[in-house]
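Subject: A structure for you to look at

Dear colleague,

I am passing on the structure we spoke about, so that you can look at it beside these notes. Please open it first and keep it in view while you read.

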Amino acid sequence: MASGGVWLLSVAACTVPVAPLLLWLVRTMTERPPESPSPVIIGWRTTVRSALLYIVAFNPTFFIQELRLEP
């Protein structure tokens, strides 16, 4: 594998865990402790936040890939 491929792979490996960690951090900071145990209900806002965080995580990877392409 060329050095550019290794570099891109290492950048992708660093960005993939960022979105779930950010989602967990935001949820942990904004969530109040439950007063009684209840089933986990995932709302549409959580789904949208997760999708947006994945977009933010993956777009730099593809942008960097385009910069590294040689003509």
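Below I describe the model as a whole, then a surface patch, and then a pair of rings.

Please bear in mind that this is a predicted model, in which local features need a pLDDT of at least 70 and side-chain atom pairs count only at pLDDT 80 or more, while totals for chains, interfaces and linings use all residues. Residues are numbered from 1 along each chain as its sequence is written, and side-chain values use heavy atoms, with hydrogens and water left out.

The pLDDT, which is the predictor's confidence in each residue on a scale from 0 to 100, averages 76 over the protein chain, and 79% of the residues score at least 70. The protein chain has 3 helices and 0 strands, where helices (H or I, at least four residues) and strands (E, at least two) are DSSP runs numbered from the N terminus. Read from the N terminus, the order of elements is α-α-α. Among these elements, helix α1 (residues 3-15) has the lowest mean pLDDT, 74, whereas helix α3 (residues 44-68) has the highest, 82.

Of the 71 residues in the protein chain, 8% are buried, a word that stands for under 20% relative accessible area, with exposed meaning over 50% and partly exposed in between (1.4 Å probe, protein chains only). The accessible surface of the protein chain is about 6,300 Å², and 70% of that belongs to carbon and sulfur atoms; such areas come from the Shrake-Rupley method with a 1.4 Å probe, and for residues only the protein chains shown count as cover.

On the surface, V18, L22, W24, L25 and M29 form a nonpolar patch with about 520 Å² of accessible area together.

L23 and L53 are 30 residues apart in sequence and 7.4 Å apart in space, C-alpha to C-alpha.

How many aromatic pairs does the structure hold? It holds 1. The rings of Y54 and F58 have centres 6.0 Å apart and planes at 15°, so the pair is stacked; rings of Phe, Tyr and Trp (its six-membered ring) pair if their centres lie within 6.5 Å, with planes under 30 degrees apart counted as stacked, over 60 as edge-to-face and the rest as tilted. Y54 and F58 are 4 residues apart in helix α3, and so are separated by about one helical turn.

With best wishes

Terms used: Patches are made of residues with over 30% relative accessible area and no salt bridge: like charges are joined within 9 Å, nonpolar side chains (Val, Leu, Ile, Met, Phe, Trp, Tyr) within 5 Å. A salt bridge is a side-chain nitrogen of Lys or Arg within 4 Å of a carboxyl oxygen of Asp or Glu.
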